[in-house]
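Welcome! Take a moment to look over the sequence and the model, and then we can walk through a few places together.

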Amino acid sequence: MRKDYRLEKRKYAIGGFIVIIALIYLVRLYNLQLGDDKYKIYADNNAFLNKTIYPSRGLIYDRNGELIVFNQPAYDVMMIPRDVQQFDTIDFCHTLNITHEQLKKRFADMRNAAGYSSYTPQKLITHLSAQDYGRLQEKLYRFPGFFIQKRILRQYNHKTAANVLGNIREVSPADIDRDPYYQRGDYCGDLGIEKSYDEYLRGVKGVEILIRDAHGRIQGRYDGGSRDVAPVSGRNLKLSIDLDLQQYAESLMVNKIGAVVAIEPATGEILALVSSPTYDPEMLVGRQRGEGYRKLVNDPYKPLFDRALMGAYPPGSTFKPSQGLILLEENIINLQTMYPCYHGFISGGLRVGCHGHGSPINLKPALQTSCNAYFCWGFKAMVDKRSKYGSSANAFEVWKNHLVSLGYGYKLGVDLPGESRGFIPNAKFYDKVYGSGHWSANTIISVAIGQGEILATPLQIANLCATIANRGWFITPHVVKEIQDTVMPAELLQKRVPTISQHYFEDVAEGMRMAVTGGTCRMAALPDIEVCGKTGTAQNPHGKDHSAFIGFAPYHDPKIAVCAYVENAGFGATFGVPVGSLVIERYLKGKISPERKYLEQRMLESNTIIYSGVKKH
């Protein structure tokens, strides 16, 4: 009988097929048992419950050790959906003081949320009151699959500095993607130092491993708790803020829109950082956070907008000290250089007005009287000096770079989120507007007196004042003085030196002293403290002018530098000077002298918000 080779070949084909199937099974078994831990996770989830233990968030103190922010316990109702058995929903709702419809909605919201899994703990109800927590704790055995997660809420000893402190909120999907520390349902810092120092404040989460029986019921701690990991509390912060000064400055700014910034010149530590109108930080705590946030967002005066850091304003005449420094550095002027003032700067058909004073005038009296013409003539002499710079554009770039070194035009790097850079134009900006080579000093003369395109934050303006107080250097302004058990970031402690020779700062400081003793800042004079100051009246195309002031004291040993900026309040001497000088006096003396009580009372009672043009409904 002949051999059938076709059957012989079929035998090998079938054998090969069987081998391939066997290899597929072996590879799959390997992946299931060794390579893929998904089923191990499922098994572990059946046997164990890993319960997160949240750490205590770091406490926050002021520079004098006064406790500002602390923690209080809060409780969330958690559930593992696959472990939930039939339960008495009426009893459950009655225990938690909610309606059956509210419970149904919470279940629906939970199931529709991103990251939902029936195998992992899900948040059902947040921030139980102490009474609700007590009632549920007694009945928890009736509701299999539910448990209580302990958390913390922030509590405030004082209703102040909300813009500095910030708040905490539940993390978003973007937060989870950005930082693996976070899981769904966690809380993170939102605004203020709660956000910028979140990694220090939040601590390290712990875990409690609980063992479950075949029916999913908790039987106790696994291995007697030896595998549990204890949480590590967050680090405490000591702020540079002086709580008394902060509260006082906020009281002066009631019914006003604007900002007050006070800095300790030698350290860059911010003593007060006021944005007005402000709000009660407790509005953003607990269950009422959503409603509180909605009210703040819809408030036409925008209390969540931190004007001290984010508000970009024309600095007005508070800008003139920087102009004097630049003109001296570039040898455009010296202390004897005099310019005329015919009630203003007049060049061809161009006129920039000024109030009456002696003429001609040199630098120090120009600072004393806040002469517009002097700084316009000086700016024109620099920008139009082609023999030195080659073109107006080149001269302007030199001018701009000096301003940048003084802290304008870019973020200073304060340790708070949301800082604005302000705006200092460059030559390309004007080339684009007017055409290359088609502009000169007269075209942009308003920038010489802090108007036009020039914008600065109150923090930048205060920092210029601190730089003058230090006679030529500054440290990046910051609101945190100490971090528990660690060192401050080096970039917040380094001395920064502008491109202006330091000996020129003494001349400008003397001009600012003259402004207080016999110039535009006479209202800032204190009987036993040498105050230096500069007013600013910033033109506002949208309404009444803004009132500004910078000042530092004492003259020869400065302890505080201040910027006060009040929107729609008129001349700098009307509101900026009183508010700023009262802040200086309160910090240096601890009280207001009897002869200046009338001024304090006027600031406490005055209302400039009515001139803002904002209609509050």
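With which side chain does the side chain of His158 make a polar contact? The partner is the side chain of Gln247, at 3.5 Å. Please keep in mind along the way that this is a predicted model.

## The loop between S5 and H6

To find His158, look in the loop that runs between strand S5 (146-156) and helix H6 (162-165). Besides Gln247, the residues that His158 touches include Glu66, Leu67, Ile68, Leu243 and Pro281, when residues up to four places away in sequence are not counted.

Ala161 sits in the loop between S5 and H6 too. Its phi is near 55 degrees, which is a positive value in a residue other than glycine. Is Ala161 buried or exposed? With a relative accessible area of 5%, Ala161 is buried.

## Arg63 and its neighbours

Next, please turn to the loop between strand S2 (60-61) and strand S3 (67-79), where you will find Arg63. Arg63 has a relative accessible area of 13%, so this residue is buried. Its side chain makes a polar contact with the side chain of Glu269, at 3.1 Å.

Which residues is Arg63 in contact with, leaving aside its neighbours within four places in sequence? Among them are Lys238, Leu239, Ser240, Ile241 and Asp242. Glu264, Glu269 and Leu271 are also in contact with Arg63, as are Lys481 and Tyr587.

## Met110 in helix H4

Helix H4 covers residues 100-112, and Met110 lies in it. The relative accessible area of Met110 is 3%, so Met110 is buried.

Leaving aside neighbours within four places in sequence, Met110 is in contact with Met79, Tyr116, Gln122, Lys123, Leu124 and Arg184. You might pick out Lys123 from that list: this residue and Met110 are 13 residues apart along the chain, and their C-alpha atoms are separated by 7.2 Å.

Now look for helix H13 (residues 320-329) and helix H15 (residues 372-383). They pack with their axes 10 Å apart, at an angle of about 40 degrees. The two helices are therefore oblique to each other, and H13 passes H15 in a left-handed crossing.

Which residues meet where these helices pack? From H13 come Lys320, Gln323, Gly324, Ile326 and Leu327, and they meet Asn372, Phe375, Gly378, Phe379 and Met382 in H15. The residues of this contact comprise five nonpolar, four polar and one charged.

Ser370 can be found in the loop between helix H14 (363-369) and H15. The phi of Ser370 is near 55 degrees, a positive value in a residue other than glycine. Ser370 has a relative accessible area of 5% and is buried.

## Two cis peptide bonds

Finally, here are two peptide bonds to look up. The bond from Ser276 to Pro277 is cis, and its omega is near 0 degrees. Pro277 is in the loop between strand S12 (269-276) and helix H11 (289-298).

What is the peptide bond from Ala553 to Pro554, cis or trans? This bond is cis, with omega near -15 degrees. Pro554 has its place in the loop between strand S19 (546-553) and strand S20 (560-566).

Notes. Residues numbered from 1 in each chain as written. Predicted model: local features only at pLDDT ≥ 70, side-chain atom pairs only at ≥ 80, totals over all residues. Heavy atoms only, no water. Axes fitted to C-alpha atoms, helices over the stretch in contact; angles between N-to-C directions. Helix = DSSP H or I, 4+ residues; strand = E, 2+ residues; numbered from the N terminus. Parallel < 35°, antiparallel > 145°, perpendicular 65-115°, else oblique. Left-handed = near helix turned anticlockwise from the far one by under 90°. Contact = heavy atoms within 4.5 Å. Nonpolar A, V, L, I, M, F, W, Y, C, P; charged D, E, K, R; others polar. Polar contact = N/O pair within 3.5 Å; in protein donor to acceptor, adjacent residues only side chain to side chain. Buried < 20%, exposed > 50% of the residue type's maximum accessible area, 1.4 Å probe, protein only.
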